[in-house]
Amino acid sequence: MSAPVRYSYAGTGYSPGDLSGYAPEFLLRLYREMLRIRRIEERIEARYHEDQMKSPIHLVIGQEAISVGACSALAREDAIYLSHRTHGNYLAKGGDLKAMMSELYCRKNGCAGSVGGSMHLFDVDAGVAGSSAIVAGSVPIAVGHALAAQQRGTGQVVGVFFGDAGVEEGVFWESLNFAVLHQLPVLFFCENNFYSVCSPLTVRQPEGVEIHRKATAFGANTMLVDGTNVLRVHGAVRSAVAAARAGRGPQFLELQAYRWRGHGGAGDDSKSGYRSTDEAAQWRQYCPVAGFGDLLRAQGLLDPDLHENMESGIAAEIDAAFEHAINSPDPDPEEITRFVYSP
Ligand SMILES: Cc1ncc(C[n+]2csc(CCOP(=O)(O)OP(=O)(O)O)c2C)c(N)n1
């Protein structure tokens with residue numbers, strides 16, 4: 001394999017020991033949530049060519065264990081901020097699917113009133129406090145939210161998701177420094193999928209430099225986590241949440257997984273040449289959803305009937321969400337400039 005990935009810790013696979021200490025209902029919930037995200041993404045992808053979803057999209061297939069593992073360790077009152085690759089984290093935190101689909105179809109009742117699209121999902125009730133298409137743009141906002149939580153003594157922790165390119169923005173390091181200085185209750189979730197659009201980490205960062213180690217040098221508590229294993233993610237985030245809530249300051253987690261689809265839009269981009277088909281095939285062996293399902297089956301926790309039941313329930317929910325979005329009204333033309341600021 002021609003590997004641009006220099007220090008992969010991901011793809012360790014699932015093992016029976018991972019399950020110990022977890023209730024079967026919780027394990028099945030994690031599996032169902034990952035499966036649900038995968039099926040929603042597949043449906044979006046399958047219908048994107050119809051050109052009715054008037055929003056750019058960034059699919060999260062391959063990274064579901066990060067969304068579900070992290071959000072299952074957060075309380076509903078905790079807040080998260082997202083990057084442009086929003087769907088998995090929004091859904092895992094409890095964001096409303098119908099409102100998300102209406103937003104992708106640019107309908108009036110979309111979660112951002114049709115003016116945001118896929119890169120600007122939010123659901124305040126579920127703690128999805130905001131998202132930004134500007135790389136690392138959400139990071140200082142999340143840190144500000146954590147400062148407010150600390151000053152008000154709300155007990156809330158704030159998580160912010162960003163990709164490996166997020167740490168190539170100055171504002172990220174300024175924000176991390178400020179968070180460490182003030183020991184803020186903020187969790188930095190760096191979803192390292194090894195690419196920024198078509199550029200691998202190898203052409204962007206010096207050899208031998210690991211992202212989490214740079215964050216350690218800034219004084220943050222850091223962890224390197226296999227982001228293809230939902231239980232490793234959950235366990236790491238649970239301890240990070242406990243530390244942040246106990247006043248031990250910001251926690252930085254580098255979560256490694258692989259983006260299976262192209263950077264944006266629908267479909268596989270493996271023929272475009274910036275990464276090898278071998279590399280993509282290697283990573284597919286560590287499917288976060290199938291790997292966990294196989295383990296649950298091997299341990300007698302998931303049988304064909306239960307699986308079929310999950311699949312049909314998810315399919316019905318997706319059908320209803322698409323129908324809701326497609327049949328919802330367009331925004332009023334006179335509203336189009338409502339939030340536009342022009343001096
Ligand atoms: C400040 C800024 N610079 C450049 C871009 C263009 N851009 C959009 S997504 C992206 C790559 C993001 O990669 P990463 O943060 O690793 O997230 P991923 O897409 O891999 O999830 C870039 C460079 C942007 N949106 N904002």
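A residue is near a molecule or strand if its C-beta atom, placed from the backbone, lies within 6 Å of it. The model is predicted: local features need pLDDT of at least 70, side-chain atom pairs count only at pLDDT 80 or more, and totals for chains, interfaces and linings use all residues. Residue numbers start from 1 along each chain as its sequence is written.

**Exercise 1.** Determine which residues come nearest to the ligand, and which elements give two or more residues to its shell.

*Solution.* Around the ligand there are 17 residues, and R85, V135, G163, A165 and S196 come nearest. Two or more residues are given to this shell by β3 (158-163) and by β5 (195-196); strands (E, at least two residues) and helices (H or I, at least four) are DSSP runs, numbered from the N terminus. By class, the shell holds 7 nonpolar, 6 polar and 4 charged residues. Here Ala, Val, Leu, Ile, Met, Phe, Trp, Tyr, Cys and Pro count as nonpolar, Asp, Glu, Lys and Arg as charged, and the others, Gly among them, as polar.

**Exercise 2.** Describe how helices α5 and α6 pack.

*Solution.* Helix α5 (residues 139-152) packs with helix α6 (residues 170-181) at an angle of about 15 degrees, the axes being 9 Å apart. Axes are lines fitted to C-alpha atoms, for helices over the stretch in contact, and angles run from 0 to 180 degrees between N-to-C directions. Therefore α5 is roughly parallel to α6 (angles under 35 degrees). From α5, V139, P140, V143 and A146 make the contact, and from α6, V171, F172, S175, F178 and A179 (C-beta atoms, placed from the backbone, within 7 Å). These contact residues divide into 8 nonpolar, 1 polar and no charged.

**Exercise 3.** State how many helices and strands the protein chain has.

*Solution.* The protein chain has 11 helices and 8 strands.

Notes. Angles under 35 degrees count as roughly parallel, over 145 as roughly antiparallel, 65 to 115 as roughly perpendicular and the rest as oblique. Two residues are in contact if their C-beta atoms, placed from the backbone, lie within 7 Å.
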